[in-house]
Amino acid sequence: MNPFLLPSGGTCVQVPGLMYPDPRDHSAVQEAVETCLNCPAYLACTAYAETLTPDTDPGGVIAALTFEERDPANAQRTCHECGETKPLRDFGRHSGKATHRRTCKGCMADRSRELRLSREEVAA
Ligand code: SF4
Ligand SMILES: [Zn+2]
């Protein structure tokens, strides 16, 4: 990743190695994504990431998105809960942020249903 093209003040400039995780290593990808979500330049970087095309994209995780997620032709992700690969529209967004959750809407709904049922059991 060329730090000179990124918005200034980005955390990744201090930890460049972290931003190129092995795509199969979920915890390393997650660590890079978290770095972006906590980065002071995150919003500016999201705008920067939107200007990239597969030809100009330097790779790695940028603005909490992997290279595959940044390519509109590949706009899908694998749910961390059910393991299914689905279009990005099947993933809700983090509240107040532009990025999508890593758990699909169906799994999020299952989770809140289970939570509600367990609360009802406790109350009964
Ligand atoms: S959001 Fe991520 S890629 Fe962008 S500047 Fe911050 S750490 Fe770097
Ligand atoms: Zn799921």
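The model is predicted, and I kept to its limits: local features need pLDDT of at least 70, side-chain atom pairs count only at pLDDT 80 or more, and totals for chains, interfaces and linings use all residues. Residues are numbered from 1 along each chain as its sequence is written, and chains are lettered from A and ligands numbered from 1 in the order in which they are written.

**Chain overview**

I took helices (H or I, at least four residues) and strands (E, at least two) as DSSP runs, numbered from the N terminus. I find four helices and two strands in the chain, in the sequence pattern α-α-α-β-β-α. Along the principal axes, the C-alpha atoms fill a box of roughly 60 × 30 × 25 Å. For burial I counted other C-beta atoms, placed from the backbone, within 10 Å of a residue's own: 20 or more is buried, 12 or fewer is exposed, and in between is partly exposed. By this count, 15% of the 124 residues of the chain are buried. I also noted that, of the contacts with a separation of 6 or more, 39% join residues 24 or more positions apart.

**Helix H1**

The twelve residues of H1 should span 16 Å, and the end C-alpha atoms are 16 Å apart, so the two agree. I list Ala32, Val33 and Cys36 as the buried residues of H1. They lie on the same side of H1, because they cover an arc of only 100 degrees around the axis; the arc is that of the directions from the helix axis to the C-beta atoms. These buried residues of H1 pack against helix H2 (42-51).

**Core**

I defined a nonpolar core as a set of buried Ala, Val, Leu, Ile, Met, Phe, Trp, Tyr and Cys residues joined through C-beta atoms within 7 Å. The largest such core has 13 residues, and those with the most contacts inside it are Cys36, Cys45, Val61, Ala63 and Ala64. H1 gives the largest share of this core, three residues. For Cys45 I listed contacts with Leu6, Pro7, Gly10, Cys36, Cys39, Ile62 and Ala63, not counting residues up to four places away in sequence.

**Ala63 and Ala64**

I place Ala63 in the loop between H2 and H3, and Ala64 is also placed in the loop between H2 and H3. Ala63 counts as buried because it has 26 C-beta neighbours inside 10 Å; Ala64 is buried with 23 other C-beta atoms within 10 Å. I noted a positive phi of about 50 degrees for Ala63, although it is not a glycine. For Ala64, not a glycine either, I noted a positive phi of about 65 degrees. Most residues other than glycine have a negative phi.

**Ligand 1**

I counted a residue as near the ligand if its C-beta atom, placed from the backbone, lies within 6 Å of it. There are 13 residues around ligand 1, and Gly10, Cys12, Cys36, Cys39 and Cys45 come nearest. H1 and H2 are the elements that give two or more residues to this shell. I sorted the shell into ten nonpolar, three polar and no charged residues. Here Ala, Val, Leu, Ile, Met, Phe, Trp, Tyr, Cys and Pro count as nonpolar, Asp, Glu, Lys and Arg as charged, and the others, Gly among them, as polar.

**Other positions**

Tyr42 is in helix H2 and counts as partly exposed, with 19 C-beta neighbours inside 10 Å. I put the C-alpha atoms of Tyr42 and Gln30 at 15 Å from each other.

Thr53 is in the loop between H2 and H3 and counts as exposed, with 9 C-beta neighbours inside 10 Å. From Thr53 to Arg113 I have 60 residues in sequence and 40 Å in space, C-alpha to C-alpha.

Glu68 is in helix H3 (residues 67-70) and counts as partly exposed, with 13 C-beta neighbours inside 10 Å.

Last, I looked at helix H4, residues 105-123: its 19 residues reach 27 Å from first C-alpha to last, close to the 27 Å expected. H4 is hardly covered, and the count of buried residues in H4 is zero.

Key:
Expected span 1.5 Å × (residues − 1). Contact = placed C-beta atoms within 7 Å.
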